[in-house]
Amino acid sequence: MDCRIAYSLFVISHFLFVGVITAETFSADGSEVDPLIRQVTNGDDGADPQFLTAAEHHFLLFKKRFKKSYGSQEEHDYRFKVFQDNLRRAARHQKLDPSATHGVTQFSDLTPAEFRNTYLGLRRLRLPDDATEAPILPTDNLPEDFDWREKGAVTPVKNQGSCGSCWSFSTTGALEGAHFLATGKLVSLSEQQLVDCDHECDPEEAGACDSGCNGGLMNSAFEYTLKAGGLMLEEDYPYTGTDRGTCKFDKTKIAAKVANFSVVSLDEDQIAANLVKNGPLAVAINAVFMQTYIGGVSCPYICSKRLDHGVLLVGYGSAGYAPIRMKDKPYWVIKNSWGETWGENGFYKICRGRNICGVDSLVSSVAAVNTNSQ
Ligand SMILES: *[C@@H]1O[C@H](CO)[C@@H](O)[C@H](O)[C@H]1NC(C)=O
């Protein structure tokens, strides 16, 4: 997954809609659409002076909220231009994805290419042909709603920073869950070990290796972890957000071990059954709508299935949103690695049912060794 992030945006704060210029502000939960976004949605081409004034105001709030400063006036002016483009994009996303809320986020001064190159990090879109397939599980009697967060299998949301290391966070998240299921203990595992030490390659594709901030793939990270013996604790091998360090893996400090891992078939009931039985799952997704996502259930009418981001599937709900004149629809709950100030306290909700944004295409399950008995 391409999880590279370009600018240092470690300091992130709440956003919801960044303030609004008029009294008709949005509600604190972000459920109201920002009047500016609505204005742009309603066909404003941005040429009108009102848009510019509003955009300037939003940019001021954005800089303050996310503690942005730019090196030169040129850079500042350029970022303001990008920001205006992103306001228009957020408006387009709002139109295409009415069950979610889109607006200003910490990524609003980044071009789509910068965003892709620095905050994502899924490298390969293809699994090795020899990937083990998960056994088909019974799907009757699955709970209507399910959430591993409530069962204590999910660590707090982490932040990959400006490094395309999403794949390492997806990997640790899945192993943290599996380790919890195997041992009853929740521990936070080291992404930095994967970033520094995992250079596992796809034997069938020259040059396709896990490579720190330049991206990687969860399945090869499971393979690395199996071969290396396991992962260390976050506190023993802390995250730095760069890949310029050497590997400092210490075998005597292994905290969690992979028993086996497999790929789940492209079937939403199988994905749900594997989630319930085996713990949180490493999944790939197309992240284009995530750059402007504020909250709600994302269910865009059109979304590319080109996978560029690695995240963690932690649960699902049966009735999250209702399109006009339709029954409530089910959704997946996804843990992201952009800090708690992104999305819904760091989480993303996306609709189930039609492989939206490729979310069902590359799903991996991992099992951990029960280290209690060792
Ligand atoms: C994977 O490992 C777990 C835990 O050791 C074990 O229960 C399970 O049977 C294994 N699955 C496969 C397919 O080998």
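Asparagine 355 lies in the loop between strand 10 and strand 11 (363–368); helices (H or I, at least four residues) and strands (E, at least two) are DSSP runs, numbered from the N terminus. This is a predicted model, in which local features need pLDDT of at least 70, side-chain atom pairs count only at pLDDT 80 or more, and totals for chains, interfaces and linings use all residues. Residues are numbered from 1 along each chain as its sequence is written.

Although asparagine 355 is not a glycine, its phi is positive, at about 50 degrees. Asparagine 355 counts as partly exposed because it has 13 C-beta neighbours inside 10 Å. A residue is buried if 20 or more other C-beta atoms lie within 10 Å of its own, exposed if 12 or fewer, and partly exposed in between, with C-beta atoms placed from the backbone.

Asparagine 345 sits in the loop between strand 9 (329–335) and strand 10 (347–351). Asparagine 345 is not a glycine either, and has a positive phi of about 55 degrees. It has 12 C-beta neighbours inside 10 Å, so it counts as exposed.

Strand 10 itself is mostly covered, with five of its five residues buried. Phe347, Lys349 and Cys351 point one way from the strand, while Tyr348 and Ile350 point the other way. In a regular strand the side chains alternate between the two faces of the sheet.

Strand 10 also has pairing partners; two strands pair if DSSP finds at least two bridges between them. Strand 9 pairs with strand 10 in the antiparallel sense over five bridges, and lysine 335 has phenylalanine 347 as its bridge partner. Strand 7 (residues 293–298) runs parallel to strand 10 and is joined to it by two bridges. Here valine 297 has lysine 349 as its bridge partner.
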